[in-house]
Structures are given as structure tokens and as C-alpha cells.
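Subject: Structure for you to look at

Hello,

Here is the structure I promised to hand over. Please open it alongside these notes.

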Amino acid sequence: MRWTDPESGRDIWQSTKTRIKRDAERLQRSTERELNEGTFCKLSPISWVEFRDRYETEQAVSLAARTQNKINTVMNYVERHLNPKKLRELNETKISKLVKKLREQGLEEITIKYSLGHLRSMLNWAKTQKLIAQVPEFPKLKRARGKKVMRGRPITLEEFERIIKAIPAVMKPLGQTPASMERHRQVVQSWEFYLWGLWYSGLRLTESLQLHWEREDGLFVDLDGEFPIMRIRAEAEKGNKDRLLPITPDFAEFLQAVPEDQRTGPVFKPLPNRCHDTELIRESISRLVAKMGEKAGVIVGDKGNIDKVTGERKPRYASAHDFRRAFGVRWSRKMQVFELKELMRHQSIKTTEEFYLEQHTQDTARSIWAACKVDQRDNSRNSSGSADHAKQ
């Protein structure tokens, strides 16, 4: 085949690599169509290592830090399970094999789905850079019937109160001196305030630690208007957008209960046990909340990995995100789905419907069945009473 390169203007010669005229003509028509549509791309010899370096330094560097960490994790999955030498080796067969390996590793379906989403974004970028001719087809993951979308579940108020009671057992005093006991009282009080704040606000853990009273370059509360609101700058929000969000009445009342002279700095400051430790990092706070959930015995699901001793899946105890799930379910009963999407700050309404409306439907069904059982008992009593009256 011979044609003129539309970019360089040079004559290009390329073998069809076949002795059969029909196959050569088929390739000729395909190449001609791609040239006319502007989609033709000569296979690039770029290695996987070179592609990874380019993507991380040219594309991923502009994304949020947590997104970069997830991209790094997905790339590690690809290298561990597929070990590609060239980028063009990532075809449909390889991706299907990757899904199989991730399932064998114990990853949940929702984690695999998000991992494939990151990988698809990488390959879409590679196509725009003409490193690959086309993006391979990705498998459509279907959730098994009865399989939960959420990793955990919304916790109940009774379970939440048990977690509150578990705070002193997790944040133990470091001594019995008056100073140690006073420090312990302050620590427990700060954690109670923090957990109730998560319960009322529905904030993600990272967002809750970024919430300020007066600092306006990130995430802060504004209680001065007709209705209290939160202002979120793009840098402090998962969706990477500037937002103005209403605050629910119970969370507004919770914040307004704080004396005005104490409304400075971060809204939530869960204290460490030791006085010389000024603050806890996000990972430590997340781990401590999970410990409180475990101490309270609040199980919200099971993990993918299996206990080597019992042979059963390890239980998943309540974490900070289960407070947010409980917030979403509570308010899903009181507002329309598009309003709930805005309140939960989901980028897509499909996320809201998938995570919360199914739970709402299950609750409605539970109420209907319970009401039906009550009616059946009443009818049974009426029938037995009528029979007794007839005998008399």
C-alpha cells in the first residue's frame, strides 16, 4: 500500500503482509477509511514502562493526590498480573485476564469496576497521543443478584450510639493522675463531637478534617445568611468543583451550639492521647474510628480476604464512611433524588440512585410487608372472635 501522509506530506509505503489479494484489499479499504476519518494510527513501539512514566508526568500530575495514588495502584495491578513489555499488548484478552486475577486476589466487584475505569482513562489518553490505534473493549461487570453495591452499610442510630460509648475504651487514659484524667476527658469529648459531626453532616472523612470556621480558601461554614451553607473550593472537594451547599437543619443546630468565641480554626479537632502530639493524620483518624466500630461490635459486611484459621471471610466493622451512608439513607426518605445528589455531592445521579434508592426501596418493602403481617394478625383475631361468638 502507498499513500501520502496527511501530516508530513511524505509518501508512505507499507506492506499488507499477505500474499492473498482479497486480504490485502480488505486491509487497504480499512486503512483508507481510517485515513479519511483521521483515526489512522501506526502501531507505536512504546514500552509499558515508558508509557507509565509519560502518563504519570504528563497527565496524572494534574489530578488530585488520592486519584494519583489510585492510578499508581492500578498500574501496579497491571504489572503484577500481566507484566506487559509493550503498551499495545493490553488487548481484550489481557484485560479479561486481569479481571480474573483481581477476583482471585479477593477484590470486590466495585473495586474492580473503578480500577478498570482508571485503566480505560489511561488508554483513552494513549489514543489521543497516537500511542495506540484504538482502545480495547472492556468487560461489562454485572453485579450478582443480592450482591450489595456498598462495601459497608448504613448504620443505625442505636449502633452509632454504641460506637460513641466505645470511645473511652479505644482512647484509653495514659495514667491515673489528675492531669492524665483531665486530658482523657478532653480527648473523649473531642471525639464525641467529631463523630456526632460526621453523623449530622454526611461529610467524607477528608472533607471533615478540612472544614474550617473562617478560612475561605478551602472548605468552610457560613452561618450568617438566611440559611446556613458550606462553601467548598475545588481543591478541597472530591469532585474538584467550587460549590455552595445547604446545611441540613440538624447539622446547622449542631454547629450553632458551639460558642462564638470557639469558632476558630478547624471545626473538628479529634485529639490524640499524648499532649505533645498536636494533631492526628487522616490515616490515624480513619483507623481509630474503625477500632471504635470494632469495639462496639458493629459489623457492616465482610472483607474479601479469608481468615486462615477459621476459613471464613473476615468481618468488616463500621468505619467513618458508614456514617455518611447512614446520612444519605436518612435524607433519601425526605427529598427527591436530584436534591439528594446535590446534598451528597455526587458527580453523577446514577451514583445516588445506585447507592441509596435501592436501600430506600428495601426499607419501603420492609414496611409494606410488616404492615401486611399486622393486617393478617388482625384478620385472624377477628375471624377467631367471630367463630367464638357463633359458638356461644
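Start at N83. This residue comes just after helix α3 and has a positive phi of about 50°. Bear in mind that the model is predicted.

Now step back to the helix itself. α3 runs over residues 65-81, which makes 17 residues. From first C-alpha to last, α3 reaches 25 Å. That is close to the 24 Å expected at 1.5 Å a residue.

Next, its two sides. I71, V74, M75, Y77, V78 and H81 of α3 are buried. Viewed down the helix axis, these buried residues fall within an arc of 150°, so they line one face of α3. A65, N69 and R80 sit on the other side of α3 and are exposed.

What does the buried side meet? The buried residues of α3 pack against three helices by name: α2 (48-58), α4 (92-105) and α5 (109-128).

The structure holds one cavity of 30 Å³ or more. About 50 Å³ of space lies in the largest cavity. Its lining is made up of these residues:

- S201, M230 and P246
- I247, T248 and F251
- F327, L343 and R345

By class, six of the lining residues are nonpolar, two are polar and one is charged.

To find your way around, display α3 with α2, α4 and α5, its packing partners. Then move to the residues that line the largest cavity, R345 and S201 among them.

Best wishes

Methods:
Residues numbered from 1 in each chain as written. Predicted model: local features only at pLDDT ≥ 70, side-chain atom pairs only at ≥ 80, totals over all residues. Heavy atoms only, no water. 1 Å grid on protein atoms, 1.4 Å probe; cavity = no way out; pocket = protein on both sides within 12 Å on 5 of 7 lines; lining within 4 Å. Points joined across faces, edges and corners; volume = space filled by probe spheres on them. Nonpolar A, V, L, I, M, F, W, Y, C, P; charged D, E, K, R; others polar. Helix = DSSP H or I, 4+ residues; strand = E, 2+ residues; numbered from the N terminus. Expected span 1.5 Å × (residues − 1). Buried < 20%, exposed > 50% of the residue type's maximum accessible area, 1.4 Å probe, protein only. Arc of directions from axis to C-beta. Contact = heavy atoms within 4.5 Å.
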